[in-house]
Amino acid sequence: SITEEAYNFLNNWTYKIGVYQNPSYNVVQFLKRFRPKNKVTLYRAERYGFDINRATNKDFTSFTYSRDFVQNIVEYDREIGIKSWVKKRTIEPREILVDFTLLPNSEEFINEVIVTRSGLSVDTIIKKDETKRYFWK
């Protein structure tokens, strides 16, 4: 089962918008158990001219295995006048914080994969003694 601290982090990531806190070192160590063993190809919708992650100094971002899901987001954006595109990225396991599809209670969350924005390893971003950083989500 998932620790309370890890569950709270995942719940906040999935369902809350606003000030967001990077996961603690303990949460990272727990969640790293739920990531693929090999490289994976993932997708996300990106909007032209706006990088939410750079605008918010966010260390992590979400991707999904479903290209069709992302294509639906891009098509919806077009309908409302926003230009966006499907971003495809091959990601190493060390860049993945957690793959929600591998969690024991994955049905409680959206099927997404939290990865580092920069391509750095999770351990490079979250160090054992580092002060917590906050950003907008």
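Modeller: The mean pLDDT of the protein chain is 83, and 84% of its residues reach 70 or more; pLDDT is the predictor's confidence in each residue, from 0 to 100. This is a predicted model, so local features need pLDDT of at least 70 and side-chain atom pairs count only at pLDDT 80 or more, while totals for chains, interfaces and linings use all residues. Residues are numbered from 1 along each chain as its sequence is written, and side-chain values use heavy atoms, with hydrogens and water left out.

Biologist: Which elements have the lowest and the highest mean pLDDT?

Modeller: Strand 7 is lowest at 45, and strand 5 is highest at 95. Strands here are DSSP runs (E, at least two residues), helices are too (H or I, at least four), and both are numbered from the N terminus. Where pLDDT is low, the predicted coordinates should not be read in detail.

Biologist: OK, new topic. What order do the strands of the open sheet come in?

Modeller: The order is 3-6-5, three strands with antiparallel pairing. Two strands pair if DSSP finds at least two bridges between them. Strand 3 (60–63) and strand 5 (96–99) are at the edges with a single partner strand each, so one side of each has no neighbour in the sheet. From one strand to the next, the twist averages 20°, taking axes as lines fitted to C-alpha atoms and angles from 0 to 180 degrees between N-to-C directions.

Biologist: How many bridges join strand 5 to strand 6?

Modeller: Three, and the two strands run antiparallel. Asp99, for instance, has Val113 in strand 6 as its bridge partner.

Biologist: And aromatics? How many pairs are there?

Modeller: Three aromatic pairs, counting rings of Phe, Tyr and Trp (its six-membered ring) with centres within 6.5 Å; planes under 30 degrees apart are stacked, over 60 edge-to-face, and the rest tilted. Tyr48 and Trp85 have ring centres 6.3 Å apart and planes at 35°, so that pair is tilted. Tyr48 sits in the loop between strand 2 (40–47) and helix 3 (52–56), and Trp85 is in strand 4 (residues 84–91), 37 residues apart.

Biologist: Is Tyr48 buried or exposed?

Modeller: Exposed, at 54% relative accessibility, whereas Trp85 is partly exposed at 33%. Buried means under 20% relative accessible area, exposed over 50%, and partly exposed in between (1.4 Å probe, protein chains only).

Biologist: Last one: where does Lys127 lie?

Modeller: In the loop between helix 5 (122–125) and strand 7 (134–136). Lys127 is partly exposed, at 43%.
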